[in-house]
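These are my notebook entries on a single protein chain, kept in the order in which I looked things up. I begin with the overall division and then go on to single helices and residues.

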Amino acid sequence: MKDSLTQTHVLRLALPPIPTVHIGIIGLGNRGLLTLQRYLQIEGVEIKALCEIREGNLHKAQQLLKEANRPDAIGYTGTDGWKKMCESDGLDLVFICTDWLMHTPMATFAMECNKHVAIEVPAAMSVEECWKLVDTAEKTRRHCIMLENCCYDPFALTTLNMARRGILGEIMHVEGAYIHDLRSMYFAEESEGGYHNHWGKKYSIEHTGNPYPTHGLGPACQILDIHRSDRMEYLVSMSTHQAGMTEYARRMFGEYSPEACQKYQLGDVNTTLIHTIKGKTIMLQYDVSTPRPYSRLQTVCGTLGFAQKYPVPCIALDPNGDTPLTGERLEKTLARYKHPFSATIGEEAHRKGLPNEMNYVMDYRLIYCLRNGLPLDMDVYDAAEWSCITELSEKSVLNKSMAIEIPDFTRGAWKIK
């Protein structure tokens, strides 16, 4: 971490407009190929470079460009191909779609090469890496955005709009989660939809805590205006022991199989509580090892109202806070407070028949801000604050849920109006 006297913050960073954003993508596995397909739908971009260690995936990506009547991108491969790509001229923005452990090294190198960076979640795996992202962004004056698409979920945007308009009163407590049964993916081969080199399972063997906090935390921090008018102060975290992965492996591979005998540190369910400087609270959950229905919770508790997306959308408002809105009243409320992003960009996604409105709004906004010289919706401090929970939750779990301080990655600049 650099001395505060030698660093200048990049809050609300605005840079000269980039009329056409020239993009390079590192990592063309599942996430990378989907990212490429998405950005072929966005106006004002050119895919100039592609990097992948597996040449077959690089060929798939070039084929996607050909099918879209786009020129071939410059292809990079090999273990140092990504460095050569970042060092090349003609790129404005580098997308990083590799495994978690390479996100920060690649992002900092790209920024040092004068490129803006967009990183798949989470952006970093340790507090040290979070500081590296912040320090490098401040030193190079480059944008560093973590691609947290859940911040553009239509219901999350609606409740954010309601909160900013005072409909829910003072927001006191929010909840987020990543609850997604991924057991089959953890054991599957890459050709069958699993992770490259089983990197997700390897992480579960070596670590505990909440390794994937940002889907739930991103919308929660936005609604509490974190590092804009408040900041996260400390957390406590607790995990169950591990049983779900072992039970699944016994059923699929046999009781005495290597898969069933493998030991895992990562507990099945992690719950993390976060306290802010202004006395607000955030509850996060992580569970990918039990047969629970998918959920990100998306719960907002205010002095005048309540909202929650899962398991079904629910809004309750004073003076009838104990009776959720239903039917036409609920639909009218959701329509009345629909966020402008959903009402414009989201509707465009539907007209184009695109499968994921959240992704399209996120992609559109990133390119729109770069092309118009505007601050990005999510900055490097969001990337650091949301990602640091990975290490800090593990530290708390390993110390009997001891309270752990959360760094102020803005070095106090969040208090400057």
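Into which domains is the protein chain divided? I worked from a predicted model, in which the chain is divided into domain 1 (21-149) and domain 2 (150-339 + 380-415). I took the centres of the two domains over C-alpha atoms and found 26 Å separating them. The contact between them takes 26 residues from domain 1 and 29 residues from domain 2.

**Entry: the record.** I then looked up what UniProt lists. An unreviewed entry there gives "domain: Gfo/Idh/MocA-like oxidoreductase N-terminal" for residues 22-144. Over residues 22-144 I found 44% helix and 20% strand, with the end C-alpha atoms 16 Å apart. For residues 157-310 the unreviewed UniProt entry gives "domain: Glycosyl hydrolase 109 C-terminal". In the model, residues 157-310 are 29% helix and 25% strand, and the end C-alpha atoms lie 15 Å apart.

**Entry: the core.** Which residues have the most contacts inside the largest nonpolar core? I found them to be Ile23, Phe95 and Leu366, in a core of 126 residues. The largest share of this core, seven residues, comes from helix H14. The core draws at least three residues from each of domain 1 and domain 2.

Apart from neighbours within four places in sequence, Ile367 is in contact with Val21, Ile23, Tyr39, Ile42, Glu43, Gly44, Val45 and Leu93. Ile367 and Leu93 are 274 residues apart along the chain, yet I read a separation of 9.8 Å between their C-alpha atoms.

**Entry: helix H13.** Helix H13 (residues 340-351) has twelve residues and reaches 16 Å from first C-alpha to last, close to the 16 Å expected at 1.5 Å a residue. Which residues are buried in H13? I noted Phe341, Ser342, Ile345, Gly346 and Ala349. Seen down the axis of H13, these buried residues fall within an arc of 115°, so they line one face of the helix. That pattern can be set beside the general rule that an α-helix has 3.6 residues a turn, so residues three or four places apart point the same way. Helix H6 (154-164) and helix H14 (357-372) are among what covers the buried residues of H13. Following H13 comes Gly353, whose phi is positive, near 70°.

**Entry: helix H9.** I then turned to helix H9 (residues 214-223), where ten of the ten residues are buried, so this helix is largely enclosed by the rest of the structure. Among the buried residues of H9 are His215, Pro219, Cys221 and Gln222. Just after H9, Asp225 takes a positive phi of about 60°.

**Entry: cis peptide bonds.** Which residues does the cis peptide bond with omega of about 5° join? I found Tyr310 and Pro311, with Pro311 in the loop between strand E12 (305-308) and strand E13 (314-317). The peptide bond from Asp318 to Pro319 is also cis, with omega near 10°, and Pro319 has its place in the loop between E13 and helix H12 (327-336).

Entry: Is Ser396 buried or exposed? Ser396, which lies in helix H16 (residues 389-397), is buried, with a relative accessible area of 0%. Leaving aside neighbours within four places in sequence, I listed its contacts as Leu235, Val236, Ser237, Ser401, Met402 and Ile404.

Ser401 sits in the loop between H16 and strand E14 (404-405), and has a positive phi of about 60° although it is not a glycine. Ser401 is partly exposed, with a relative accessible area of 22%. In the segment after E14 I came to Arg411, a residue other than glycine with a positive phi near 55°. Arg411 is partly exposed, with a relative accessible area of 22%.

How values were computed
Residues numbered from 1 in each chain as written. Predicted model: local features only at pLDDT ≥ 70, side-chain atom pairs only at ≥ 80, totals over all residues. Heavy atoms only, no water. Helix = DSSP H or I, 4+ residues; strand = E, 2+ residues; numbered from the N terminus. Buried < 20%, exposed > 50% of the residue type's maximum accessible area, 1.4 Å probe, protein only. Contact = heavy atoms within 4.5 Å. Expected span 1.5 Å × (residues − 1). Arc of directions from axis to C-beta. Core = buried A, V, L, I, M, F, W, Y, C linked by side-chain atoms within 4.5 Å. Domains from an automatic or database assignment. UniProt positions renumbered as here; feature names shortened; annotations may be inferred.
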